[in-house]
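Subject: Structure for your review

Dear colleague,

Please find below the structure that I am handing over to you. I would be grateful if you could read the notes after it alongside the coordinates.

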Amino acid sequence: MAVKPFENNPKMSRGGLSALFFASAADVAAVETNAAQDAVVKLVLKSGCRLVRYTFAEDSASFAESLACKEGIRHVKHRIAFELNAVTPGNSTCILGLLENNCHGFVAVAVTPDGHAFLAGYSCVYGLERPLRVESIETATKEGIAERGYERIVLASDDGDLSLPLSGGILSHLTE
């Protein structure tokens, strides 16, 4: 594959995530990519299943990938991290739901503030064999009145591909 030119868009300077959607990897019926395998054109969930939106504390969510090549083999680590506001019984329900489905793993759609969406937990090389799984959950209450407690959740996966962007109007179709 030839090296492709890239020009940075100065309008794309906002960081973090604006939205996160999850589904159990066991609920994914099919993922279709374009011919070049550089974008997801279709994500099909099993009947009755849907992507679930996770609401996180403002400015607390991030999506990261690190790529390393060793002896010509690509290794990609994907990480999605987010915080839930304070420490509440509702958060416990959310965390238990993640832990109960951790054996199947997750696919996630991570949406940037600029509206770009990426599918994590799936790769062209491994399909759904290496989905995102809970890597850590940290809960902390704070001592000071001005400080806020949090529950920080990190999901991660290892495979050989960067996460693929969702093409066209697929995001609005998935999250209706």
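Predicted model: local features only at pLDDT ≥ 70, side-chain atom pairs only at ≥ 80, totals over all residues.

Beyond its neighbours within four places in sequence, Ser66 has contacts with His75, Val76 and Lys77. For Lys77, which is eleven residues away from Ser66 along the chain, the C-alpha to C-alpha separation from Ser66 is 5.3 Å.

The second residue is Glu151, located in strand β10 (residues 150-159). Is Glu151 buried or exposed? Glu151 has a relative accessible area of 5% and is therefore buried, the cut-off for that class being under 20%. With neighbours within four places in sequence left aside, the residues in contact with Glu151 are Phe82, Glu83, Leu84, Ala86, Val87, Thr88, Asn91, Ile95, Glu138 and Thr139. With Thr139 there is also a polar contact, formed between the two side chains at 3.0 Å.

Finally, there is a nonpolar patch on the surface, made up of Leu96, Leu99 and Ile137. Together these residues present about 250 Å² of accessible area. Leu96 is part of helix α1, which covers residues 89-101.

With kind regards

Technical notes
Residues numbered from 1 in each chain as written. Heavy atoms only, no water. Contact = heavy atoms within 4.5 Å. Helix = DSSP H or I, 4+ residues; strand = E, 2+ residues; numbered from the N terminus. Buried < 20%, exposed > 50% of the residue type's maximum accessible area, 1.4 Å probe, protein only. Polar contact = N/O pair within 3.5 Å; in protein donor to acceptor, adjacent residues only side chain to side chain. Patch = residues over 30% accessible without salt bridge, like charges linked within 9 Å, V, L, I, M, F, W, Y side chains within 5 Å. Areas by Shrake-Rupley, 256 points an atom, 1.4 Å probe, with all protein chains shown as cover. Salt bridge = Lys/Arg side-chain N within 4 Å of Asp/Glu carboxyl O.
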